[in-house]
Amino acid sequence: MRRERLSVLAAEPVGPYTLLRLERGDLDPGIPGQFFMLEAPGRLLPRPMSLCLAPAGELGFLIDAIGPGTRALCAVRPGDEIVVLGPLGNGFDLDVEKPLLVGGGIGVAPFPHLSEALGAPRALLGFRSAWHAEAAALVPNAEVVVDPVLVTDVLPSGHDVLACGPEPMLEAVRKIAPNAQLAWEAPMACGFGACYGCVVEIERQLKRLCIDGPVICDSSTRAAASTR
Ligand SMILES: Cc1cc2nc3c(=O)[nH]c(=O)nc-3n(C[C@H](O)[C@H](O)[C@H](O)COP(=O)(O)OP(=O)(O)OC[C@H]3O[C@@H](n4cnc5c(N)ncnc54)[C@H](O)[C@@H]3O)c2cc1C
Ligand code: FES
C-alpha cells in the first residue's frame, strides 16, 4: 500500500459513467477486486474505488457520479492531480476453474481488470438502460441484460461466480450460487481498518469491510453491507 499524488491523463465518458485515467506512478495495481482511496478535489474524505483497468503506466477507475465526491472526481481535467492510496482490501480469488463474472450497474467497474487476469472468461452484466449498458464494452465476452430482465433470471449453473453489484443483486446471486465470491460495498472513510466507518455484520460478528472484504466468499456469511 502506498499513497501518491497522480496526474490525470483523461476523464472519458462511458455511457453515464466516467473512466478516470491516471498516471500510475509507483503504485501497484494489486489484485482485481482490491480498491484504492481517491481524494476528491474539495472533499475532506477520500472515496473508495475499485481498480477498473491497469494498462502499462496507468490506473483506470470507472466512476458513477452519484454525489459530491464522485462528481468532483468526474470533473477533473488532464493535468490535474489526485492523491491515491492503495491497493487496499481483499481481491477476488483467481484460482477458479470455470469463472463467470456477474455484475450489475457500476458493479462492472472491477471486471475489465478481473477479466484480463482470468483470460477473458464469460461475463453476465445487468444494467438499468441501454445507455448504462455501454459500459459492457469494457468487458470482453459480456452478455448484457437490461431491466426488467435481471442477471439472476438468466444465471447459468455450473460456474465459479465472481460478482459485484448492488446488495439486492448480490443477495439474489448468493441464493442461486452459494459459493460465489461477492464484492460488497459500505461507506468507507479510511480504507485500511482505522476508522470503523465500514463495519458490517458477518456471521454475527462486526467486521471492517475494508480489511475483511470487500470480496467475501463463504456461503455461511451474512454481510449486512449498506445499500445505496
Ligand atoms: C470497495 C469499494 C469499491 C467501490 N468502487 C467503486 C467504483 O469502482 N466506482 C464507483 O462509482 N463507485 C464505487 N464505490 C462506491 C463509491 O465509493 C461511492 O459511490 C462514493 O464514495 C460516493 O461518494 P459521493 O461523495 O459521490 O456520494 P455520497 O454523498 O457520499 O453518497 C451518495 C449516496 O450513496 C450512499 N453511499 C455512498 N457510498 C456508499 C457505499 N460505499 N456503499 C453504499 N452506499 C453508499 C450514501 O449513503 C448516499 O446515499 C465503491 C465503494 C467501495 C466500498
Ligand atoms: S474504512 Fe476505516 S475501518 Fe474500514
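View 1. Strand 6, which runs over residues 81–88, is mostly covered, since 6 of its 8 residues are buried (a residue is buried if 20 or more other C-beta atoms lie within 10 Å of its own, exposed if 12 or fewer, and partly exposed in between, with C-beta atoms placed from the backbone). The model is predicted, so that local features need pLDDT of at least 70 and side-chain atom pairs count only at pLDDT 80 or more, while totals for chains, interfaces and linings use all residues. Residues are numbered from 1 along each chain as its sequence is written, and chains are lettered from A and ligands numbered from 1 in the order in which they are written. Helices (H or I, at least four residues) and strands (E, at least two) are DSSP runs, numbered from the N terminus, and two strands pair if DSSP finds at least two bridges between them. Strand 1, residues 2–14, pairs with strand 6 in the antiparallel sense over 6 bridges, and within this pairing serine 7 stands opposite glutamate 81 of strand 6. Strand 3, residues 35–38, also runs antiparallel to strand 6, to which 3 bridges join it, and here leucine 38 stands opposite valine 84.

**View 2. The surroundings of ligand 1.** Ligand 1 is surrounded by 23 residues, of which the closest are Arg47, Gly67, Gly69, Thr70 and Ala109; a residue is near a molecule or strand if its C-beta atom, placed from the backbone, lies within 6 Å of it. At least two residues of this shell come from each of strand 4 (47–50), strand 5 (58–63) and helix 1 (68–74), and strand 4 gives the largest share, with 4 residues. The shell holds 14 nonpolar, 5 polar and 4 charged residues, where Ala, Val, Leu, Ile, Met, Phe, Trp, Tyr, Cys and Pro count as nonpolar, Asp, Glu, Lys and Arg as charged, and the others, Gly among them, as polar. Both domain 1 (2–88) and domain 2 (99–224) contribute at least three residues each to the shell around ligand 1.

**View 3. The contact between the domains.** The chain is assigned domain 1, residues 2–88, and domain 2, residues 99–224, with bounds that come from an automatic or database domain assignment. The C-alpha centres of domain 1 and domain 2 lie 20 Å apart. Their contact takes 20 residues from domain 1 and 21 residues from domain 2, two residues being in contact if their C-beta atoms, placed from the backbone, lie within 7 Å. On the side of domain 1 that touches domain 2, the elements that give two or more residues are strand 3, strand 4 and strand 6, and the residues of that side divide into 16 nonpolar, 3 polar and 1 charged.

**View 4. Histidine 113 in helix 2.** Histidine 113 lies in helix 2, which covers residues 111–117, and it counts as buried because 26 other C-beta atoms lie within 10 Å. Leaving aside neighbours within four places in sequence, histidine 113 is in contact with Pro32, Leu51, Cys52, Leu53 and Ala54. The C-alpha atoms of histidine 113 and proline 55 are separated by 9.1 Å, although these residues are 58 apart along the chain.

**View 5. Valine 108 in a loop.** Valine 108 has its place in the loop between strand 7 (99–104) and helix 2, and it is buried because it has 30 C-beta neighbours inside 10 Å. Not counting residues up to four places away in sequence, valine 108 touches Gly103, Leu125, Ala135, Ala136 and Val139. From valine 108 to leucine 38 the C-alpha separation is 18 Å, and the two are 70 residues apart in sequence.

View 6. Strand 8, residues 122–127, runs parallel to strand 9 and is joined to strand 9 by 5 bridges, with leucine 124 having glutamate 143 as its bridge partner in strand 9.
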